[in-house]
Amino acid sequence: MSSPPASDVSLTHPDRLFWPDEGVTKQTLADYYAAVWHFMAPYLVDRPLALLRLPDGIKSHQRFFQKHGWKGMNSRIEEIADPQDAQSEKLLRISDFDGLVALVQSAALEIHLWGTTTDHWETPDMIIMDLDPGEDVVWSAVIAAALEVKARLEARRLAAFVKTSGGKGLHVVAPLAPKAGWAEAKDFAHSLAESMSADAPEKYLATATKAKRGGHIYIDYLRNGRGSTTVAPYSTRARTGAPVSMPLDWSDLNELGGPAAFTLANVPQRLETRPRDPWGDFFDAAVPLP
């Protein structure tokens with residue numbers, strides 16, 4: 001693994017606790033991102049971002065979900081105009097590790113991103129299928145759902161990659177050559193979700209109907225609309241245990257005990273010991289949407 005990068009951004013109050021029960025401070029979070037930066041950067045740099053900021057940590061009720069800048073924001077967090085809506089508030093992006101440390105300084109405990117870069121705003125470079133289980137769904141059923149999504153994507157000649165959400169479920173992600181527009185990508189994802197729900201209505205839902213969620217997995221395709229976001233690979237989540245949205249090899253699912261198995265504390269060691277980066281060929285596997 002390459003050496004951790006250095007940053008020119010200073011952390012104020014580096015001992016501020018973000019995850020009190022786990023002893024995770026602002027400095028701990030910056031050190032974690034230094035360890036994973038090499039793997040995380042391709043999915044984070046030059047993408048419009050949305051941030052969950054918790055200045056007083058996860059035990060605080062003060063939470064800000066922000067897609068736009070704020071007073072006193074560090075200059076390494078860039079503001080960029082949406083080409084379709086140049087008159088509205090500017091969006092956020094970063095271009096280097098200093099930008100990521102600036103997000104840590106800003107108490108961004110979750111980093112969410114668009115499925116495209118600012119080089120090609122109108123053509124997404126990934127499809128995200130978010131598998132969100134109801135409370136009484138067993139973990140093995142979530143894994144089976146991910147494998148079903150994988151099979152259906154591969155039947156359409158798309159590659160399929162998997163990561164934990166850091167929440168309750170799994171994300172199956174297909175890299176795209178950025179040719180199709182947002183509407184086409186969202187329609188494709190919607191069709192996939194609807195077909196799974198139609199084939200196994202006792203297992204899957206393609207609409208977020210709370211009354212029907214019990215015993216079902218909601219296949220959330222809405223992450224694929226323009227302006228929608230999903231949690232970034234390797235981002236922490238503002239939840240107990242400091243879980244991480246962790247990219248995996250498909251074979252890892254057999255040994256995965258649950259969606260929060262990977263945390264800020266154990267991911268760096270995992271990166272040092274795993275034989276290869278399971279998402280190492282993510283963008284090389286991209287093809288146009290069929």
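**Exercise 1.** Is the crossing in which helix 3 passes helix 4 left-handed or right-handed? Work out how the two helices meet, too.

*Solution.* Keep in mind that this is a predicted model.

- Start with the handedness: the crossing of helix 3 past helix 4 is right-handed.
- Next, find the helices. Helix 3 covers residues 139-155 and helix 4 covers residues 182-199. Their axes come within 11 Å and cross at roughly 125°.
- Now put a word to that angle.
- Then see who touches whom. Helix 3 brings Ala145, Glu148, Val149, Arg152 and Leu153, while helix 4 brings Phe188, Leu192, Ser195, Met196 and Asp199.
- Last, sort these residues by class: you get 6 nonpolar, 1 polar and 3 charged.

**Exercise 2.** Zoom in on Glu148. Which residues is Glu148 in contact with, leaving aside its neighbours within four places in sequence?

*Solution.* 

- Glu148 has a relative accessible area of 27%, so it counts as partly exposed, between the 20% and 50% cut-offs.
- List the partners: apart from those close neighbours, Glu148 touches Met196 and Tyr204.
- Look at Met196 again: it lies 48 residues from Glu148 along the chain, yet their C-alpha atoms are 8.3 Å apart.

**Exercise 3.** What domains does the domain assignment give for the chain?

*Solution.* 

- Domain 1 is made of 17-114 + 262-273, and domain 2 is 126-224.
- For the spacing, take the centres over C-alpha atoms: domain 1 and domain 2 are 25 Å apart.

Conventions. Residues numbered from 1 in each chain as written. Predicted model: local features only at pLDDT ≥ 70, side-chain atom pairs only at ≥ 80, totals over all residues. Heavy atoms only, no water. Domains from an automatic or database assignment. Axes fitted to C-alpha atoms, helices over the stretch in contact; angles between N-to-C directions. Helix = DSSP H or I, 4+ residues; strand = E, 2+ residues; numbered from the N terminus. Left-handed = near helix turned anticlockwise from the far one by under 90°. Contact = heavy atoms within 4.5 Å. Nonpolar A, V, L, I, M, F, W, Y, C, P; charged D, E, K, R; others polar. Buried < 20%, exposed > 50% of the residue type's maximum accessible area, 1.4 Å probe, protein only.
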